[in-house]
Amino acid sequence: MARKPRLAPAGYPQHVIQRGNNRSVCFKCESDYIAYISWLKKFSSKFNVGIHAWVLMTNHVHLLCTPNLDNLGVSKMMQALGRMYVRYFNHKYERTGTLWEGRFHSSLVSNDEYLLTVYRYIELNPVRANMVEKPVEYKWSSYRINALGTSSTLCTPHFVFLNLGASQSQRLANYRALFKEQLPQTAIDKIQSGTRRGLVLGNDAFKLEIESLTGHRLKHEALGRPPQTSRQLTTRK
């Protein structure tokens, strides 16, 4: 059976998941996380992909990223990063064979409905996995960058994030406020299903926009708009 075409138009954010083969461990010690992040910086820059949010879990990786110029930018970045990290990991731990379960999963994310929800979904992964009580306690994610303003040469703020406030302090405060309310299970289910099945996270107007842009007919599953909270401060483009 032919592979389903990956929809990845330049300028549109994507939620990317890369899992270890058979859910095997991909990061065994601190130096492994550091190595992966260093190559993520290198190849996101090389292929002009903006990284907005990320988390490195023990056996998988989540990224929210946008290819700025090339429709294949994210694929090129993930392929180069994957090859480099597998060589490093296999050499270090004296193993052979694959590390990743196969090609990465991804879904396009609507700026209006889902972007900040996916930010939260990614950075709350360690909390849902009961690794920490609060996202700020987890070292290997973008939360401290996006919520506290920790300096980073990896993260590029998306314009929706920038529109959270007129100043950095206001943006950071408004971003932290989003985490005071629990992420609804319905939103979690939609994000997980959308990424696993390669769907588009957005309303029908957004899906029609992607259809027109890519020439591919999309399945119009009822993903709908995620529940909004009083604190979710998004600005339509």
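Colleague: Which residues of helix 8 are buried?

Modeller: This is a predicted model, where local features need pLDDT of at least 70, side-chain atom pairs count only at pLDDT 80 or more, and totals for chains, interfaces and linings use all residues. Residues are numbered from 1 along each chain as its sequence is written, and side-chain values use heavy atoms, with hydrogens and water left out. Helices are DSSP runs of H or I with at least four residues, strands runs of E with at least two, numbered from the N terminus; buried means under 20% relative accessible area (1.4 Å probe, protein chains only). In helix 8 the buried residues are Ala187, Ile188, Ile191, Ser193, Gly194 and Thr195.

Colleague: Thanks! What do the buried residues of helix 8 pack against?

Modeller: Contact means heavy atoms within 4.5 Å. The partners are strand 1 (14–19), strand 4 (105–109), helix 3 (115–123), helix 4 (125–128) and strand 5 (200–201).

Colleague: Helix 4 interests me; is Asn125 buried or exposed?

Modeller: Asn125 is found in helix 4. Leaving aside neighbours within four places in sequence, Asn125 is in contact with Val55, Met57, His60 and His62. Its relative accessible area is 8%, so Asn125 is buried.

Colleague: And how is helix 1 oriented to helix 2?

Modeller: Helix 1 (residues 30–46) and helix 2 (residues 73–92) pack at about 155°, with axes 9 Å apart; axes are lines fitted to C-alpha atoms over the stretch in contact, and angles run from 0 to 180 degrees between N-to-C directions. Angles over 145 degrees count as roughly antiparallel. Helix 1 is therefore, relative to helix 2, roughly antiparallel.

Terms used
Buried means under 20% relative accessible area, exposed over 50%, partly exposed in between (1.4 Å probe, protein chains only). Angles under 35 degrees count as roughly parallel, over 145 as roughly antiparallel, 65 to 115 as roughly perpendicular and the rest as oblique.
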